[in-house]
Amino acid sequence: MIRNIKQLDDETFDVVIVGGGVYGLSTAWDASLRGLKVAVLEQSDFGKATSSASLKLVHGGLRYLQHLNFARMRVSIGERKHMLYMAPHLVHPLEFLIPCYSHGMKGPEALQLAMLANDVISFDRNIGLDDPEKHIPIGRRTSNEECLRRIPGLKQEGLKGGGSFYDAQMYNSERLTLAFGLSAAAQGCVAANYARVTRFKVEHGRIQAATVKDLIGGNEIEVRGKLFINMTGPWSDITAQLTKTDNPDRRVVRSKGVQLIAKPLADVAFSIESKQKDSTVLIKRGGRNYFVTPWRGKAFFGTTDTLYRGAPEDFAITQKDVAEFVAEMADIFPAAELKYEDVSFWIGGMRPVGEEDSNPEVAKAAHKYEIVDHSREDGIQNLLSIVGVKYTICRHIAQRVVQAVFLKRGKTPPPCTTATTRLAGGHIDRFDDFLREACRTSPWNETITRHLALNYGSDWRSIAKLAEADKSLATTLSGSGEVLRAEVLHAIRNEMALKLTDVVMRRTDLGTLGHPGRSALEECATLMARELGWNDEKRADELTEAEAIYKLPPG
Ligand SMILES: Cc1cc2nc3c(=O)[nH]c(=O)nc-3n(C[C@H](O)[C@H](O)[C@H](O)COP(=O)(O)OP(=O)(O)OC[C@H]3O[C@@H](n4cnc5c(N)ncnc54)[C@H](O)[C@@H]3O)c2cc1C
């Protein structure tokens, strides 16, 4: 994936996508696969905003049972399967254990019925997945003994057993988002990060071009297209106004979600009921749930849900957010013994406020999101706006959007092939066999090889080739157990990493569990400086920016 600003300036594209989150990139992949000439413009780095803020769940939507929304559930179940197929190295089944403390609607009997309904509704969840390791097993009831053994510290008093069911989890959501971009680029899509759309040039009700500020080179270009798609997530209402003004109104309402990473708690995901009532469901089972999921050797706590009225670019997780979440955990699950200083990292983002938000304050400000055709909204003939609400179903929405693009052009859409096409790195028949073979042939130990296989999948050999050609790249960054120096070079040369934070947070998994240590950051910055020709001042600035990620504002 090469950043080619000149090509963006020179050519006219069938589709120009604004926003390089998972929605923009998955749509670019589908559109490119169906033969369209596509450009993607991202103001920051690919996947840096909401797409890296998720709880990492690829979920089949068991929760929609409570809303009796079977159609939505079917879509989620199908998309979970497609994700397991498209990126078998990055998406893996995850077991959930739900402890119960009463009978009736909150009891194990009702849970068992729900799991049975889930199994029936998802009858075809494994069809087409040849790898048994990717199969989602049926749900089952669990004993008190199993709940207590598998969730250390779980309150024994009043426990009435529980239920176990499976969903799926992303090992590295940043690399999954990137995989859509890499796959789109392999089909001819021209994408650029640090390329901000500042205005749409409109003539006779049609956008002729997007004015784009190249935040790296400093110059301004015009990207011409026949159709423009606004996939800017929390910025979408702001972006839509760029047809009229370059100083859009910034009054947006979103829900703010915060998640914490801390020491591991259990080898299974489990839920903890909060004291906040869930007012939106039709079948009430009590308060809304927090989830604690095992993730890369740590525990991942999520997700808070509060109303956020600020501008998207001002979004920040604060010391207050973390302290409040820790205090709530101490109240509802004291066994976690979670203290502020145990939190190694925090992740959060903004969601569009929707009818299903479980926080009543958030739910009250309900909005409906859909594929908006601006020819009907405000007379702009060639602009579509889409706000995604769930990472899991991005492929499905992309399919619908590309369909709409062809129909808008008066053409019959060619068949969509994304559900049966592997993403970059996903060319793996059976993950266990693939891992065994990688370990057998790899020059590195099992820990490093496993890390490469999980992050890069079938493309792990590109890293090995770099290290073979230059032995100094075959070692890990100092202070990091797994991340190889070759990965830094690979990120710059093949994955459009331009800043230290791109490498630390989104190309490698060096910094996503917490501060990787000053020496690893320094070494990474030195490698980048050498490759990209940074002077000392630029290198120091990049280090300051990376360090800032780990400092919370007071709030
Ligand atoms: C706390 C939280 C937890 C979640 N957990 C889950 C989960 O476990 N599972 C799940 O399926 N979903 C989850 N979601 C939802 C999921 O993360 C989002 O639906 C999805 O990531 C949205 O992707 P996107 O591409 O629409 O938005 P984004 O990732 O925000 O991408 C939009 C992009 O547009 C860019 N942009 C904005 N303005 C411009 C401009 N003028 N020019 C160029 N680029 C621009 C931005 O920089 C940004 O990168 C969660 C969401 C939150 C907030």
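Is Lys465 buried or exposed? The relative accessibility of Lys465 in this predicted model is 60%, so the residue counts as exposed.

Figure 1. For Glu42, a side-chain N or O atom lies 2.6 Å from an oxygen atom of the ligand. For Ser51, the distance between a side-chain N or O atom and a ligand oxygen is 2.6 Å. For Thr392, the corresponding distance from the side chain to an oxygen atom of the ligand is 2.7 Å. On its own the ligand has 1000 Å² of accessible area, and the protein covers 97% of this.

**Figure 2. The stacked pair Phe96 and Phe165.** A pair of aromatic rings is described by the distance of the centres and the angle of the planes. The structure holds 11 aromatic pairs. One of them, formed by Phe96 and Phe165, is stacked, with 5.2 Å from centre to centre and 10° between the planes. The pair links distant parts of the chain, since Phe96 belongs to strand 4 (residues 91-99) and Phe165 to strand 6 (residues 162-170), 69 residues apart. Phe96 has a relative accessible area of 2% and is therefore buried. Phe165, at 8% relative accessibility, also counts as buried. Together with Phe291, the residues Phe96 and Phe165 form one aromatic cluster.

**Figure 3. The tilted pair Phe431 and Phe434.** What is the arrangement of the rings of Phe431 and Phe434? Their centres are 5.7 Å apart and their planes stand at 50°, so the pair is tilted. The angle falls between the cut-offs, as planes under 30 degrees apart count as stacked and those over 60 as edge-to-face. Phe431 and Phe434 are separated by about one helical turn, because they are three residues apart in helix 12 (residues 431-441). Both residues of this pair, Phe431 and Phe434, are buried.

Figure 4. Gly302 and Thr303 are joined by a cis peptide bond, with omega at about -5°. Thr303 sits in the loop between strand 14 (298-302) and strand 15 (306-308). Tyr194 is a residue other than glycine with a positive phi, near 50°. The loop that holds Tyr194 runs between strand 7 (190-192) and strand 8. With a relative accessibility of 9%, Tyr194 counts as buried. Arg296, which is not a glycine either, has a positive phi of about 45°. Arg296 is placed in the loop between strand 13 (287-295) and strand 14.

Figure 5. Gly35 belongs to the loop between helix 2 and strand 2 (38-41). At 60% relative accessibility, Gly35 counts as exposed. Gly35 and Asp14 are 21 residues apart along the chain, and their C-alpha atoms are separated by 9.6 Å.

Figure 6. Lys465 is part of helix 14 (residues 460-469). It is exposed, because its relative accessibility is 60% and the cut-off for exposed residues is over 50%. Met73, in helix 3 (residues 70-86), has a relative accessibility of 0% and so counts as buried. For Lys465 and Val38, 427 residues apart along the chain, the separation of the C-alpha atoms is 30 Å.

Methods: Residues numbered from 1 in each chain as written. Predicted model: local features only at pLDDT ≥ 70, side-chain atom pairs only at ≥ 80, totals over all residues. Heavy atoms only, no water. Polar contact = N/O pair within 3.5 Å; in protein donor to acceptor, adjacent residues only side chain to side chain. Areas by Shrake-Rupley, 256 points an atom, 1.4 Å probe, with all protein chains shown as cover. Phe/Tyr/Trp six-rings, centres within 6.5 Å; stacked < 30°, edge-to-face > 60°. Helix = DSSP H or I, 4+ residues; strand = E, 2+ residues; numbered from the N terminus. Buried < 20%, exposed > 50% of the residue type's maximum accessible area, 1.4 Å probe, protein only.
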